[in-house]
Amino acid sequence: MVKVEINHNRCGGAGECIDICPNGVWVWEKIKVKTLGMFNSEREMPVPKYQEKCTGCMKCYDICPTKCIKITK
Ligand code: SF4
Ligand code: SF4
(Lines give C-alpha, C1' and ligand atoms only; values in the text may rest on other atoms or scores of the structure.)
(Ligands and ions follow the chains in the order given, each with its own letter.)
Protein backbone atom coordinates (compact mmCIF):
# COMPACT_ATOMS: atom_id res chain seq x y z
CA MET A 1 0.00 0.00 0.00
CA VAL A 2 1.17 3.53 -0.77
CA LYS A 3 1.76 5.78 2.23
CA VAL A 4 0.97 9.50 1.92
CA GLU A 5 2.38 11.94 4.48
CA ILE A 6 2.28 15.72 4.76
CA ASN A 7 4.26 18.19 6.85
CA HIS A 8 1.58 20.71 7.77
CA ASN A 9 4.11 23.15 9.17
CA ARG A 10 5.44 23.71 5.65
CA CYS A 11 2.13 23.52 3.78
CA GLY A 12 0.84 26.75 2.24
CA GLY A 13 -2.75 25.47 2.45
CA ALA A 14 -3.87 26.45 -1.05
CA GLY A 15 -5.15 22.95 -1.77
CA GLU A 16 -3.34 22.20 -5.04
CA CYS A 17 -2.99 18.57 -3.89
CA ILE A 18 -6.74 18.26 -3.27
CA ASP A 19 -7.55 19.74 -6.67
CA ILE A 20 -5.18 17.52 -8.63
CA CYS A 21 -5.60 14.14 -6.91
CA PRO A 22 -7.61 11.92 -9.29
CA ASN A 23 -8.55 9.46 -6.54
CA GLY A 24 -10.09 11.52 -3.74
CA VAL A 25 -7.34 10.79 -1.23
CA TRP A 26 -7.31 14.31 0.25
CA VAL A 27 -9.90 16.10 2.39
CA TRP A 28 -9.94 19.44 4.22
CA GLU A 29 -9.63 19.16 8.00
CA LYS A 30 -8.95 21.56 10.86
CA ILE A 31 -5.36 21.02 11.90
CA LYS A 32 -3.18 22.67 14.53
CA VAL A 33 -0.28 24.35 12.77
CA LYS A 34 2.63 26.39 14.01
CA THR A 35 2.45 30.06 13.14
CA LEU A 36 5.85 31.72 13.00
CA GLY A 37 7.13 28.87 15.15
CA MET A 38 5.56 30.44 18.22
CA PHE A 39 1.86 29.69 18.43
CA ASN A 40 -0.40 26.81 17.56
CA SER A 41 -3.42 27.88 15.58
CA GLU A 42 -6.15 25.87 13.91
CA ARG A 43 -6.42 26.03 10.14
CA GLU A 44 -8.20 24.09 7.44
CA MET A 45 -5.51 22.00 5.80
CA PRO A 46 -5.35 19.12 3.33
CA VAL A 47 -5.18 15.71 5.00
CA PRO A 48 -4.55 12.44 3.10
CA LYS A 49 -7.48 10.72 4.80
CA TYR A 50 -8.29 8.02 2.24
CA GLN A 51 -4.82 6.68 1.67
CA GLU A 52 -6.13 3.30 0.59
CA LYS A 53 -7.27 5.00 -2.63
CA CYS A 54 -3.79 6.30 -3.50
CA THR A 55 -2.22 4.81 -6.63
CA GLY A 56 1.12 6.56 -6.17
CA CYS A 57 0.71 8.68 -9.30
CA MET A 58 2.81 11.46 -7.70
CA LYS A 59 0.62 14.28 -9.07
CA CYS A 60 0.22 15.85 -5.63
CA TYR A 61 3.93 15.56 -4.96
CA ASP A 62 4.81 17.12 -8.32
CA ILE A 63 2.45 20.10 -7.94
CA CYS A 64 3.23 20.86 -4.28
CA PRO A 65 5.14 24.18 -4.22
CA THR A 66 6.75 23.54 -0.84
CA LYS A 67 7.49 19.82 -1.29
CA CYS A 68 5.85 18.98 2.00
CA ILE A 69 4.22 15.79 0.70
CA LYS A 70 5.98 12.45 1.03
CA ILE A 71 4.83 9.42 -0.96
CA THR A 72 6.26 6.04 0.06
CA LYS A 73 5.58 3.09 -2.25
S1 SF4 B 1 0.02 10.19 -5.35
FE2 SF4 B 1 -1.68 10.56 -6.78
S3 SF4 B 1 -3.37 9.26 -6.00
FE4 SF4 B 1 -1.85 9.46 -4.36
S5 SF4 B 1 -2.56 11.18 -3.13
FE6 SF4 B 1 -1.10 12.00 -4.62
S7 SF4 B 1 -2.34 12.66 -6.37
FE8 SF4 B 1 -3.60 11.32 -5.09
S1 SF4 C 1 0.06 21.21 -2.65
FE2 SF4 C 1 1.50 21.18 -0.92
S3 SF4 C 1 1.50 23.28 -0.15
FE4 SF4 C 1 -0.29 23.08 -1.44
S5 SF4 C 1 -1.97 22.55 -0.05
FE6 SF4 C 1 -1.12 20.61 -0.85
S7 SF4 C 1 0.43 19.97 0.65
FE8 SF4 C 1 -0.02 22.15 1.03
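Tyr, Cys, Met and Pro are among the residues that count as nonpolar, Asp, Glu, Lys and Arg count as charged, and the others, Gly among them, count as polar. With that sorting in hand, the shell around ligand 2 in this predicted model comes out as 9 nonpolar, 4 polar and 1 charged residues. Altogether 14 residues sit around ligand 2, and the ones that come nearest are Cys11, Gly15, Glu16, Cys17 and Cys64.

The number of residues surrounding ligand 1 is 13, with Cys21, Cys54, Cys57, Met58 and Cys60 as the closest. Sorted by class, this shell holds 9 nonpolar, 3 polar and 1 charged residues. There is one more thing to say about ligand 1: the space it takes up is the largest cavity.

Gly15 belongs to the loop that runs between strand S1 (3–6) and helix H1 (16–20). Is Gly15 buried or exposed? Its relative accessible area is 1%, and buried means under 20%, so Gly15 counts as buried. Leaving out residues up to four places away in sequence, Gly15 touches Trp28 and Pro46. Gly15 and Met45 are 30 residues apart along the chain, and their C-alpha atoms are separated by 7.6 Å.

His8 is found in that loop too, between S1 and H1. With a relative accessible area of 15%, His8 is also buried, because the cut-off for that word is under 20%. Which residues does His8 meet, once its neighbours within four places in sequence are set aside? They are Ile31, Val33, Met45, Pro46 and Val47.

Some of these names come back with Val27, a residue of strand S2 (residues 27–35). Not counting residues up to four places away in sequence, Val27 touches Ile18, Met45, Pro46, Val47, Lys49 and Tyr50. Asp62 is another matter: Val27 and Asp62 are 35 residues apart in sequence, and the gap from C-alpha to C-alpha is 18 Å.

Next comes the loop between strand S3 (39–47) and helix H2 (59–63), where Gln51 is found. Gln51 has a relative accessible area of 18%, which is under 20%, so it is buried. A polar atom of the Gln51 side chain lies 2.7 Å from the backbone oxygen of Val4. Val4 also turns up among the residues that Gln51 touches, a list that reads Met1, Val2, Lys3, Val4 and Val25 when residues up to four places away in sequence are not counted.

Met58 has a relative accessibility of 23%, so it counts as partly exposed, the range between 20% and 50%. Then there is its backbone. Most residues other than glycine have a negative phi. Met58, however, has a positive phi near 70°.

Where does Lys67 lie? Its place is the loop between H2 and strand S4 (69–72). Lys67 is not a glycine, yet its phi is positive too, at about 50°. Its relative accessibility is 38%, so Lys67 counts as partly exposed.

Notes: Residues numbered from 1 in each chain as written. Chains lettered and ligands numbered in written order. Predicted model: local features only at pLDDT ≥ 70, side-chain atom pairs only at ≥ 80, totals over all residues. Heavy atoms only, no water. Helix = DSSP H or I, 4+ residues; strand = E, 2+ residues; numbered from the N terminus. Buried < 20%, exposed > 50% of the residue type's maximum accessible area, 1.4 Å probe, protein only. Polar contact = N/O pair within 3.5 Å; in protein donor to acceptor, adjacent residues only side chain to side chain. Contact = heavy atoms within 4.5 Å. Near = heavy atom within 4 Å. 1 Å grid on protein atoms, 1.4 Å probe; cavity = no way out; pocket = protein on both sides within 12 Å on 5 of 7 lines; lining within 4 Å. Sits in = over half its atoms within 2 Å of the grid points.
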